[in-house]
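Dear colleague,

I am handing over the structure below, and my notes on it follow directly after. Please read them alongside the coordinates.

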Amino acid sequence: RLARQPRLRTRRTSSPPRVTFVVALFVSLLVVGAFAAATTFVGFLVVAGALGAVEGVSAPMQKTVLTRYAPQNVRGGIVSLNAAAQNLGKTVGPLVLGIAVATTDAPTAFLGLGAGGVVIAALLLGAVLVIGKQEPPDSA
């Protein structure tokens, strides 16, 4: 007869998603500001590497928040939609930037798209503040 295995308890992370998101947003804004200050190719590569490091932290954080708060019966679909949105943004973003730079000058294009990014970040922050007040559903 097999011994009964103890039920694993879910463990909360040390920082709530709201705090993690705000820190990631702040670091992302610093990196974006550094792009504007990069005047050499090497400086640009350093900043691009920093942006990659920020994305390496924020992408798993997104998955963690999504899987924690999404109902179990639709969790896979929500994570898939998130991945599709990220990949679509990685494709459409450079195209929109290229069109904006071709039709206006580069500073105007970057400022306009930066303002759009701030609006999107504010919407995401609002969503995280709402989600952060909810308790994750019990995973049974």
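Val27 lies in helix H1, residues 17-37, where helices are DSSP runs of H or I with at least four residues, and strands are runs of E with at least two, numbered from the N terminus. At 32% relative accessibility Val27 counts as partly exposed, the class between buried (under 20% relative accessible area) and exposed (over 50%), with a 1.4 Å probe and protein chains only.

As to provenance, this is a predicted model, in which local features need pLDDT of at least 70 and side-chain atom pairs count only at pLDDT 80 or more, while totals for chains, interfaces and linings use all residues. Residues are numbered from 1 along each chain as its sequence is written, and side-chain values use heavy atoms, with hydrogens and water left out.

The protein chain has four helices and zero strands, and buried residues make up 13% of its 140 residues.

Helix H3 spans residues 75-103, and its end C-alpha atoms are 41 Å apart, which agrees with the 42 Å that its 29 residues should span at 1.5 Å a residue (the expected span being 1.5 Å times one less than the number of residues). A kink of about 25° lies at Val92 in H3, shortly before the proline Pro94; the bend is the angle between axes fitted to the seven residues ending there and the seven starting there.

Asn82 is also found in helix H3 and, at 16% relative accessibility, counts as buried. Leaving aside residues up to four places away in sequence, Asn82 touches Gln62, Lys63 and Leu66, a contact meaning heavy atoms within 4.5 Å.
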